[in-house]
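I opened this chain to look up a few things. These are my notes, in the order I took them.

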Amino acid sequence: MKTNDVWKRARRIPVMLITEGLCVGLVGGFVVLLYRVALTFAGDWLVKILSYMKGNPFRCVVWFLILAALAWIVGKLVKWEPMISGSGIPQVEGEIAGRLSQNWKRVLPAKFAGGFLCMLGGLSLGREGPSIQLGAMAGQGISRALGRGKREEKFLMTCGASAGLSAAFHAPLAGMMFAVEEIHKTFSIPILLPVMTASVTADYIASHILGLDPVFRFQITKYLPQNYYWLLILLGILVGVSGVFYNWGMLKAQELYRKIPFMKETGRLLIAFLTAGVLGIVMPWVLGSGSGLIVSLTQGEMVLGMVVLTLVMKFLFSAVSFGSGAPGGIFFPLLILGALIGAVFAMAGVEFFGLAPVYVNNFVLLGMTGFFTAIVRAPLTGIILLFEMSGSISQMLSLSIVSVTAYIVATLMRSEPIYDSLLKRILKADTIVHDK
C-alpha cells in the first residue's frame, strides 16, 4: 500500500468507526428492544399465573412442575453456552481485556432465551446485564461480518455494550459513560464518538417504540433543603457499608452453591426457581426485578416494618437467584435494594430527626445512586443513570454527595467492585476447566 493510501485510510478511521457505531447501535438497539418486550410479556404472564393459581393447591403443584421444567431448560442452555451464566457484564469486560473469548452466534440466542425464562419464573434478576452482553455480541457479530481486526472489534463491542444499556433503561448518557468508565476503562475521543453514536441510536430505536417516559415514574416535588445535607453524609455511609455487604453476600451465595455436593447447573437453578415458587405464594412482590416496589414506595403504600421485611427478603432472594448462575443481571435488583435502604433511612428520619415526609422520595433516589456506586464503583455512571431513569435533574448536588461518600466508604473497607470480583471468578473457573 502506498504512503498516500495509508494516510487517507488513517484520516478516514474516525468516520469509519462512527459509521460502524451507528450500525452497532441500530442492530444492538433492535435486539435489546426485542429483549425488553419479551421480558415485559414474561412479567405480565407471571402476574396472571400467580393470580390464577392463588388459593388452588392443584394449580400450585402444576406451577411448581412448570418451574422445575424451566430450571431444566435454563440449565441446559447454561451447560451448552457457559458464557451466558450470570450478568454478562464481567464476560464482556473479560473479552475486551483480552482474557476471555465469546461466540456471538451462541451467546445471543442462549442469553435471550435464558433471560426470558428466568423472568417468567420470577427470579430476582435484571435486564441490564443481559442487555449489555446482547449489545456487545451484536457488536462482535458486525465486526466479524465486516472482517475487522481484534482491536476494532473491541471498539465495536464497547459500542454494543453502550447501546445495550441505553436501550434497556432509556439512558443514552449513562450507556455511554458506563461503556467507557466500566467496560472499556479508557476515556478517549476515538472511542467516545462511536460509543456515543451507538448509544443515542439505540435509545432512539427503543424510545420510538416504547415511548419517552423515564423508567422510574415518581415525583420529587421539592429540592432537599441544605439544612438536611448532613443526612446525606449519613446515608452515604449507610449505603457504602451496605454495598460492601451486598458484594460479600452475592459472592458468598456463589460459594455456597458450589459447596453443595453433586450440584450442577440444573440443580442450582432448581433451587432458585422453586424458591421463586414459594415466594410467589407468600411474598409475590419480591419476585422479578422489583420495579413494582418503586411504585409502592414512592406512593406511600408501605409502612416502615414492611419496607424492612421486603428489604431483607429481596436481598436474600437476589442472592439465591444470582448465586445459582441464572442468566440475568444484578443491576436493576440492586437499584431496588438501594431504593429500599433510602426509604428505610428516610422513614426513620421522619420518626427521629424531624425530616418532612415530602422528602422520602428524594432519599429513595439517593439510596439507589449511592448503593450502585458502592457496589459497582462507577460514580459518574450512577449519577447520570439515576437522573436519566427518574427524569429529575434537581438532585445533582445531593446525588454527588451521597455517591462520593459511598465510594469513599466502600474503598476504605477494601471492597472490590462487584464486576471485577465476578470476572476473577470466571477466569479462575475457566483456568481450572482447561487445566483438567
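The entries below go from the whole chain to single residues.

**Ground rules.** I am working from a predicted model, in which local features need pLDDT of at least 70, side-chain atom pairs count only at pLDDT 80 or more, and totals for chains, interfaces and linings use all residues. Residues are numbered from 1 along each chain as its sequence is written, and side-chain values use heavy atoms, with hydrogens and water left out.

**Whole chain.** I looked up the secondary structure first. The chain has 17 helices and zero strands. Helices here are DSSP runs of H or I with at least four residues, strands are E runs of at least two, and both are numbered from the N terminus. Of the 436 residues, 57% are buried. Buried means under 20% relative accessible area, exposed means over 50%, and partly exposed is in between (1.4 Å probe, protein chains only). I then checked contacts, meaning heavy atoms within 4.5 Å. Among contacts with a separation of 6 or more, 84% join residues 24 or more positions apart.

**The core.** Which residues touch the most other members of the largest nonpolar core? They are F178, Y246, F273, F331, F363, I418 and Y419, in a core of 138 residues. A nonpolar core is a set of buried Ala, Val, Leu, Ile, Met, Phe, Trp, Tyr and Cys residues joined through side-chain atoms within 4.5 Å. Helix 13 (residues 331-352) gives the largest share, 14 residues. The core lies between domain 1 (6-208) and domain 2 (224-426), because both give residues to it. The domain bounds come from an automatic or database domain assignment. Leaving out residues up to four places away in sequence, F363 touches L224, L231, L232, L235, G342, F345, A346 and L355.

**Helix 5 on helix 6.** I took one helix pair. Two packed helices are described by the angle between their axes and the distance between the axes. Helix 5 (residues 128-146) packs on helix 6 at about 145°, with the axes 6 Å apart. Axes are lines fitted to C-alpha atoms, for helices over the stretch in contact, and angles run from 0 to 180 degrees between N-to-C directions. The residues that meet include G135, G139 and S143 from helix 5 and G160, A161 and G164 from helix 6. The residues of this contact divide into nine nonpolar, seven polar and four charged. In that count Ala, Val, Leu, Ile, Met, Phe, Trp, Tyr, Cys and Pro are nonpolar, Asp, Glu, Lys and Arg are charged, and the others, Gly among them, are polar.

**Positive phi.** Most residues other than glycine have a negative phi. H170 has a phi near 50°. H170 sits in the loop between helix 6 (150-169) and helix 7 (172-183), and H170 is buried at 17% relative accessible area. R377 has a phi of about 65°. R377 is in the loop between helix 14 (360-376) and helix 15 (379-390), and R377 is buried at 14%.

**E416.** Not counting residues up to four places away in sequence, E416 touches N247, R377, S421 and K424. E416 lies in the loop between helix 16 (396-412) and helix 17 (418-435). Its relative accessibility is 30%, partly exposed. E416 and I375 are 41 residues apart in sequence and 8.3 Å apart, C-alpha to C-alpha.

**R425.** R425 is in helix 17 and is partly exposed at 23%. Beyond four places in sequence, R425 touches L251, Q254, E255 and R258. The C-alpha atoms of R425 and L251 are 9.3 Å apart, across 174 residues of chain.

**Two residues of helix 10.** Is A276 buried or exposed? A276 is buried, at 2% relative accessible area. A276 lies in helix 10 and, neighbours within four places aside, contacts G121, G122, L123, L287 and F317. E265 is also in helix 10 (residues 265-282), and is partly exposed at 26%. With neighbours within four places left aside, E265 contacts G75, V78 and K79. The C-alpha atoms of E265 and K76 are 7.8 Å apart, although 189 residues separate them along the chain.
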